[in-house]
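Trainee: I would like to learn how to read packing and charge pairs in a model. Where do we begin?

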Amino acid sequence: MMIAVDLILFAFLILTAIAIARLRNLFAVAMLSGLFSLLAAGLFVALDAVDVAFTEAAVGGGVSTIFMLGALALMPREEKRPVHGALLPLVLCLVTGAALVYGTIDMPAFGSPDAPVQRHVGPEYLARALPETGVPNVVTAVLASYRGYDTLGETTVIFVAAISVLMILGISLGSGRQKGGE
Amino acid sequence: MDAAFALIAGHANYWLVVILMMIGLYVAIARGNLVKKIVGLNLFQTSVFMLYISMGKVEGGTAPILTGLPATVYSNPLPHVLILTAIVVGISTTALALALVVRIREAYGTIEEDEILEIERDVGSKS
């Protein structure tokens with residue numbers, strides 16, 4: 001059952017990705033990339049990462065699509081036909097993909113409970129999160145309590161990005177014109 | 001034969017993620033349109049998230065929210081934390097990249113890579 005859900009979601013993800021690669025209309029591409037994020041969020045739920053799923057749905061499916069549409073309002077909607085051939089990138093992708101697949105062969109099997117990643121500090125956090133922080137959601141406990149400073153750093157990243165976007169767009173656009181969504 | 005089947009069953013998830021990753025890489029390098037390149041990078045990025053989350057999954061496990069029942073198996077929460085941070089950093093870079101593309105469009109009048117390079121070459125040969 002679990003595997004069936006997994007495979008169906010992957011089939012849709014791959015179809016969406018191929019459609020994104022083939023389409024030339026950028027509006028359709030923006031919409032499909034939102035759909036891709038939503039499907040990815042579904043996959044994250046199937047893989048037990050509920051916190052990641054709702055962040056991906058909100059940020060990847062929502063905010064990112066809004067940004068994309070805001071930027072597309074100022075641009076031509078159609079992509080031009082590429083002049084250079086697509087063979088070299090295709091070969092490069094196949095070689096890289098083969099190397100990555102070769103790399104995964106040494107990895108422990110999917111879902112294996114005695115993989116090194118499950119035996120190291122993960123169980124420690126699961127055992128100690130509730131008595132030490134009082135938060136039953138271990139992801140929240142790690143994110144906001146154990147790694148609180150890192151999360152502060154993450155907010156700094158958003159802050160810097162927001163300032164940079166405003167500087168890149170705001171000063172050059174001058175008065176009168178407003179940029180939606182960015 | 002059994003070993004081959006176990007390898008495929010245990011790693012198919014990773015391989016599907018690699019396929020998605022490579023489609024993203026292809027979109028990013030084969031297409032000349034700058035917005036399309038950003039979308040390709042986003043595809044690649046989301047696939048990397050899937051790879052990390054796949055590694056944290058434990059067979060028969062549940063989301064790492066403590067239930068209080070002693071026999072519950074939980075998936076590893078640490079990849080989830082890592083990816084939550086990565087998603088937020090990802091949206092920051094996407095916003096920045098789109099802002100740069102908007103500026104490039106204002107300065108050059110186009111968002112196609114080869115046309116921008118041509119304009120650059122013309123300007124270079126004149127001066």
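**Core and salt bridges**

Mentor: This is a predicted model. Begin with one side chain: B:M50 touches A:F10, A:L13, A:F36, A:A40, A:L43, A:F44, B:V17 and B:L20, leaving aside residues up to four places away in sequence.

Trainee: What is the general idea behind such contacts?

Mentor: In soluble globular proteins, nonpolar side chains tend to be buried together. Here the largest nonpolar core has 74 residues, and those touching the most other members are A:F10, A:L13, A:F44, A:V52, B:L20, B:V35 and B:M50. Helix α1 (residues 2–30) of chain B gives the most to this core, with 12 residues. At least three residues come from each of domain 1 (1–79) and domain 2 (112–172) of chain A.

Trainee: Which side chains meet in a salt bridge crossing between chains?

Mentor: Side chains of opposite charge can pair when their charged atoms come close. In this model, A:D48 and B:K57 form a salt bridge (3.0 Å, N to O). The pair joins the loop between α2 and α3 (50–72) of chain A to the loop between α2 (34–56) and α3 (77–108) of chain B.

Trainee: Is A:D48 buried or exposed? And B:K57, buried or exposed?

Mentor: A:D48 is buried, because its relative accessible area is 9%, under the 20% cut-off. B:K57 is also buried, at 6%.

Trainee: Which residues are linked in a network of salt bridges?

Mentor: A:E124, A:R128 and A:E132 are. A:R128 and A:E132 meet at 3.1 Å, N to O. They are four residues apart in helix α6 (residues 122–133) of chain A, so about one helical turn separates them.

Methods:
Residues are numbered from 1 along each chain as its sequence is written. Chains are lettered from A and ligands numbered from 1 in the order in which they are written. This is a predicted model: local features need pLDDT of at least 70, side-chain atom pairs count only at pLDDT 80 or more; totals for chains, interfaces and linings use all residues. Side-chain values use heavy atoms; hydrogens and water are left out. A nonpolar core is a set of buried Ala, Val, Leu, Ile, Met, Phe, Trp, Tyr and Cys residues joined through side-chain atoms within 4.5 Å. Buried means under 20% relative accessible area, exposed over 50%, partly exposed in between (1.4 Å probe, protein chains only). Helices (H or I, at least four residues) and strands (E, at least two) are DSSP runs, numbered from the N terminus. Domain bounds come from an automatic or database domain assignment. Contact means heavy atoms within 4.5 Å. A salt bridge is a side-chain nitrogen of Lys or Arg within 4 Å of a carboxyl oxygen of Asp or Glu.
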